[in-house]
Amino acid sequence: MEPILNYINGEFLPSTSGRTMETVNPANGQPITTLPRSSADDVELATAAAHEATPSWSATTMEERITWLHRIADALEEEAETIAQLESMDTGKPISLARRVDAARSVSNFRFFADFGKSHTEPTFADHGAVNHVHRSPIGCVGLITPWNLPLYLLTWKVAPALLMGNTIVAKPSELTPMTANHLAKILTSINFPKGVFNLVHGLGPEVGQAIVEHPEIRGISFTGGTATGKIVAATAAPMFKKLSLELGGKNATIVLDDAPLEDVMDGIVRASFTNSGQVCLCGSRVLVDASIYDRFKAMFVEAVNTIRVGDPTLEATVMGSVISKDHQTKVESYIELGRQEGGVVLTGGTAAESPVDDVPSEGAFLRPTVIEGLSYTARTATEEIFGPVVTLHSFNSEQEAIDMANATQYGLAGSVWTADTERGHAFAQRMDTGIVWVNTWLNRDLRTPFGGVKQSGVGREGGTWSLNFFSELTNICVQQP
Ligand code: NDP
C-alpha cells in the first residue's frame, strides 16, 4: 500500500525529518505500510496552518458548517466498505464488526452533530429589565488525540463537534492505527474541504502527542486514551489553562442480580464482556453475580463464551479477531498468569500457548476469550485495566456487597446491571460511582447523552450539548435598554 503521509494545510507531506515507521496488521504480523514518525516541527507546521485557517473557518455560519458535516458524512458513507476494510486490517477486528460499528458510527458522528447543531438553540434569561444572551465562540485551534481500539469512530466523535463549533484541528491518531484517519484526510481533499482546517500529524505519543499538548497556540485538548497517559496530558495542559477533556480507562462491572432472566440477558452480557476482544473502554471486565444464581450463571456464561468464533478477521463468520499487537497479547497473557498467582482458576481460554486459535498465522496476536473465577474482588487482575478478552467472575451476597465491589476500583467509566425489575436496576445504578450505567443493555448509545467517567476514568463529558460546551467558549451578554 502507498505510504501514509501527514495532512497539513490540505497537502500530504512526509515528516520534516523524513523519518518513518511501520503499521502492522496484528492478525498476521505483516507490515501494511509506513507512516511518518513526526516531531514537534511537524506539529508546528500543522498548528501554523490551523492558525491561518481559523479566522475564515470560524467566520462561516453554523448553517455552512452543518452543510460541510453532511458532505463529509455522505463521502464517508460512500467509502464505508473501504473504511471497514482498512480498520479491520489495522486493528485485527472482524470485518463484520468494523462495518457495523466503526464505519457506521464514523458516518453517524458527522450526521448526528450536523442535526444536533441545527436543532440547538441558546437560552436567554430575562431579569430586572435586562436580557442575558448566551453567545458561543470557537476555542480556536484544538488538539485531538485518540487511541487504537476504535480509531475512526473516536476521532470523528471529536472532529465533528470541533468543526461544527468553528474550530480548526490538529489531530494525532494512535501510531498503531493510522489508516482510517489518513483515509478521512483523503476524503476531505476529494470534497474540497477548506485547507488548514483539519490537520493530521502521525507519530509517537511522547513525540507528537506531547508536542500538541504543549503547543501554546492549541487552546483545547480532547484526549481519549489510558489513565497513565491522561495524567501526563493533564499535568502538561493544566498549567497552560487549556480546555481539557479526558476520556480514560475503565474496569467496568457487569452486575447480575438474583432475578435476572439469564436466558434473555446472556447474549448481552457476553457481548459486553468480549466485543472487540474486550478492547472497548466500556467492556464489562468484572462480572459480579448474585451468589444464589452464581453456579447456573457460570455454566451458561462459559458455554456461551465457548461458542464465540475466534479467527481470521477477514472472514464474515468471525466474531472475535486478534488483539491489537503481539506486545499487547503478551501484556494480556501476563495478567492471565497473574490471575493464577492470585488464586484464580481459568474456566475457559488462557494464554495462546495453552489455548491456541486454529487456522491463524503464528505471527498473529490471537487469544481466546478467557474467564477466571476464584479471585478476590480486590486482586490486581480484578481491579487493573487489562483491555483484552479477559473477564473475572465474582459472587456477592447482598446488593450492598455488590455496590461495594462495583465501586472498589480507581476507575468509574461504565457499568451494567441485569435484572427483571427495571426500577430496581435504575435504583441500583444510581449507587454506582460511574459515568454511564446500562440496565439490561450495553453500548446502547444515544449521542445526545453525556459520555465520560468519574474518578480516574476521566474529567469532563462529551456528547450532545456537552460536546458543544467543550468545543466552544461561552460569553454571557447582558443587555439592558438605556
Ligand atoms: P494510550 O494512552 O497509550 O494512547 C492514547 C493516545 O495518546 C495515542 O494516540 C498515543 O500515541 C497518545 N499519547 C501517548 N503518550 C502521549 C503523551 N505523552 N502526550 C500526548 N499523547 C500521548 O492509550 P491506548 O492507545 O493504549 O488506548 C487504550 C486506552 O484507551 C485504554 O486505557 C482505554 O480504556 C482507553 N480508552 C478510553 C475510552 C473512553 O472513552 N474513556 C475509549 C477508548 C479507549 P501512541 O499510540 O503513539 O502512543
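**A tour of the ligand site**

Select the ligand and the side chain of Gln210, where an N or O atom lies 3.0 Å from a nitrogen atom of the ligand, a polar contact in the sense of a pair of N or O atoms within 3.5 Å. The model is predicted, so that local features need pLDDT of at least 70 and side-chain atom pairs pLDDT 80 or more, while totals for chains, interfaces and linings use all residues. Residues are numbered from 1 along each chain as its sequence is written, and side-chain values use heavy atoms, without hydrogens or water.

Now show the 32 residues around the ligand (a heavy atom within 4 Å), of which Glu175, Thr229, Leu248, Cys281 and Glu385 come nearest. Coloured by class, this shell has 15 nonpolar, 13 polar (Gly counted here) and 4 charged residues.

Among the DSSP elements (helices of at least four residues, strands of at least two), select α7 (205-214), which gives the largest share of the shell, 4 residues; β10 (218-224) and α8 (227-237) each supply at least two.

Finally, colour by domain, with bounds from an automatic or database assignment: the ligand lies between domain 1 (6-248 + 457-480) and domain 2 (252-447), because both give residues to its shell.

Technical notes: A polar contact is a pair of N or O atoms within 3.5 Å; within protein, one must be able to donate a hydrogen and the other to accept it, and residues adjacent in sequence count only if both atoms are side-chain atoms.
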